[in-house]
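Colleague: Before I use any of the labels on this model, I would like to go through them one by one. Please set each against its cut-off.

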Amino acid sequence: MLATSAAADGPTAAPAAGTAAASTGARRSLVVVSACPTGIAHTYMAADKLTAAGQAAGVDVHVETQGSSGSTPLDPAVIRSADAVIFAVDVGVRDRDRFAGKPVVQSGTKRAINEPDAMVREALAAAEDPNARRVSGGGATEPAAAAGRPGAGSEIRRWLLTGVSYMIPFVAAGGLLIALGFAFAGYQIVNPDPSADGLSYAQNWGLNNSFFDLPSVTGVEGLNDGLLGYLGALFTLLGQAAFGFLVPALAGYIAYAIADRPGIVPGFVVGAVSVTIGAGFLGGLVGGIIAGFAALWISRWKLPAGVRGLQPVVIIPLLATLISSGLMVLVLGRPLAAALTGLGDWLNSLTGASAILLGIILGLMMCFDLGGPVNKAAYVFATTGLTASLAGDGGQQQLVIMATVMAAGMVPPLAMALSTVIRPKLYTPAERDNGKAAWLLGASFISEGAIPFAAVDPLRVIPSMMLGGATTGAIVAAAGIELRAPHGGVFVFFAISNFLLFLLAIVIGMVVGALAVTVAKNIGRPRTEAVPEDAVDMAHAHNAAAPVTQPARA
């Protein structure tokens, strides 16, 4: 119903509305959708920046934040009356058809944070331009020549980050459940049970025992039986079930980003096939792209009216699945599986200087863009290795990589928080408030807590954070600290093999980063009074109760 209402305005309605508003002096109106891969920080920061820019320009801005905790859809009447649409997204837009026919300006959340005024001006200009790029219906893509169209690199990045954003909740839920399984039952819970014909202790106890028939073993080091063992087995089974959806979700939502709803079925199937034949997340990435393009191609077929109704429910799922999964089985599966095996063997061979170098590289990646695509690439690399290791298909080095990535990702918010304490006069009042919130964000492994500082002063902040993250990464990798949970920061202490050394590594990196950024800000830094207070309030960004749609005051 929403899509029908939006589409009814058509491509010709928006310019007319915009022209009428301009000629009568009526207040202009824009609608905004913001979304980032994790749906935590960038989503709300982009929304706040665009709302403020619209208010400064005398424009009503209505925002829909498609964040991790869900979203409240814009009123269809608001969409119909809007002059243009701004998509500030790093992932696909949910229910895009609602905006069909509206002039659109699209970019990643980073540009919306850094250049909100320019995006508002571009959207207002698009409303007056009959040749402006418009939102098309049915998930189709606008012609390549359309004005303002994102480049190929931006589109590929959006496809991949959409898949990653939908995969991350499975990673977090599954990993933390398995970590609880280890905490209750011991690290042996995932190993084979000699008395159960190839089943692990978790599978055997979870399937064959109950609260009234608790498992009992003797003489097995690193394994608890009884109530703790049974609870640990249940947690582990649930976590492994969640992990089973990682690659299918990755592939399915990459395909969804390309072809909209028609891509979901072939994407999920090719992801499951990739797991079955051992191609893992590499197969999910490649297969998701193939499935998406196959579904998009078939959805554009001009079929006779008599069979057109079968296209979305039968023809597209059947043929797109045959194409993508068939290619995965017959052509791509074995090479990708071999590449994944080779990568795992190489990781497990790393010791000494090689491990330290990998720790430095991962630390630099985690701090380079603070939750952006480089950060997510390192995180996905770690979590997929963790998945394999907890399933018994990987080595201990992959647990070290997970610890390295988490520790390095915690450094930037903590370092910025410490710097605001060391030299508060270098920061605006808003930045000092963000520093207070950054302590908890950093401790929780939310790297985006440093973004308000990086957005204002990237040349000083980002290199300093990379230095601190690389320091922590090198220490954790050199010490061989292992982590069996994909998220949670210090709150998953029970899943860290040497928690005190892990904390020490983070503290050292935090101090290095804080000192580096403090020194950098003293070089050529204007007085605080001359610095505009445009840092984003992270307390608002993480306050689920705060309204995210802020109608501009007339």
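Modeller: A list to begin with: H42, T43, Y44, M45, A46, A47, D48, K49, L50, T51, A53 and G54 are the buried residues of helix α2. This is a predicted model, in which local features need pLDDT of at least 70, side-chain atom pairs count only at pLDDT 80 or more, and totals for chains, interfaces and linings use all residues. Residues are numbered from 1 along each chain as its sequence is written, and side-chain values use heavy atoms, with hydrogens and water left out.

Colleague: What makes α2 mostly covered?

Modeller: Buried means under 20% relative accessible area, exposed over 50% and partly exposed in between, with a 1.4 Å probe and protein chains only. In α2, 12 of the 15 residues are buried.

Colleague: How do you know that the length of α2 agrees with what its 15 residues should span?

Modeller: The expected span of a helix is 1.5 Å times one less than its number of residues. For α2 that should come to 21 Å, and the end C-alpha atoms are 21 Å apart, so the two agree. Helices (H or I, at least four residues) and strands (E, at least two) are DSSP runs, numbered from the N terminus. After α2 comes G58, with a positive phi near 75°.

Colleague: What makes β1 and β2 a pair?

Modeller: Two strands pair if DSSP finds at least two bridges between them. Strand β1 (residues 28-35) is joined to β2 by 7 bridges, and the two run parallel. Among the partners, V33 has E64 in β2, and S29 stands opposite D60. β1 also pairs with β3 in the parallel sense, over 6 bridges; there the partner of A35 is V89.

Colleague: Why are β2 and β4 placed at the edges?

Modeller: The open sheet has 4 strands in the order β2-β1-β3-β4, with parallel pairing. β2 (59-65) and β4 (104-107) each have a single partner strand, so one side of each is left without a neighbour in the sheet. From one strand to the next, the twist averages 15°.

Colleague: Which strands does α2 touch where it packs on the sheet?

Modeller: Contact means heavy atoms within 4.5 Å. α2 (residues 42-56) touches β1, β2 and β3 (84-89), and its direction makes about 170° with that of β2. Axes are lines fitted to C-alpha atoms, for helices over the stretch in contact, and angles run from 0 to 180 degrees between N-to-C directions. Helix α5 (residues 116-128) lies across β1, β2, β3 and β4, at about 125° to β1.

Colleague: How do you know that both faces of β1 are covered?

Modeller: R28, L30, V32 and S34 on one side and S29, V31, V33 and A35 on the other are all buried.

Colleague: The structure holds 15 aromatic pairs. Why is the pair of Y253 and F268 called edge-to-face?

Modeller: Rings of Phe, Tyr and Trp (its six-membered ring) pair if their centres lie within 6.5 Å; planes under 30 degrees apart count as stacked, over 60 as edge-to-face and the rest as tilted. Y253 and F268 are 5.7 Å apart, centre to centre, with 75° between the planes. Y253 lies in helix α9 (residues 246-259) and F268 in helix α10 (residues 264-276), so the pair ties together parts that are 15 residues apart in sequence. F268 has a relative accessible area of 25% and is therefore partly exposed. Y166, Y253, Y256 and F268 form one aromatic cluster.
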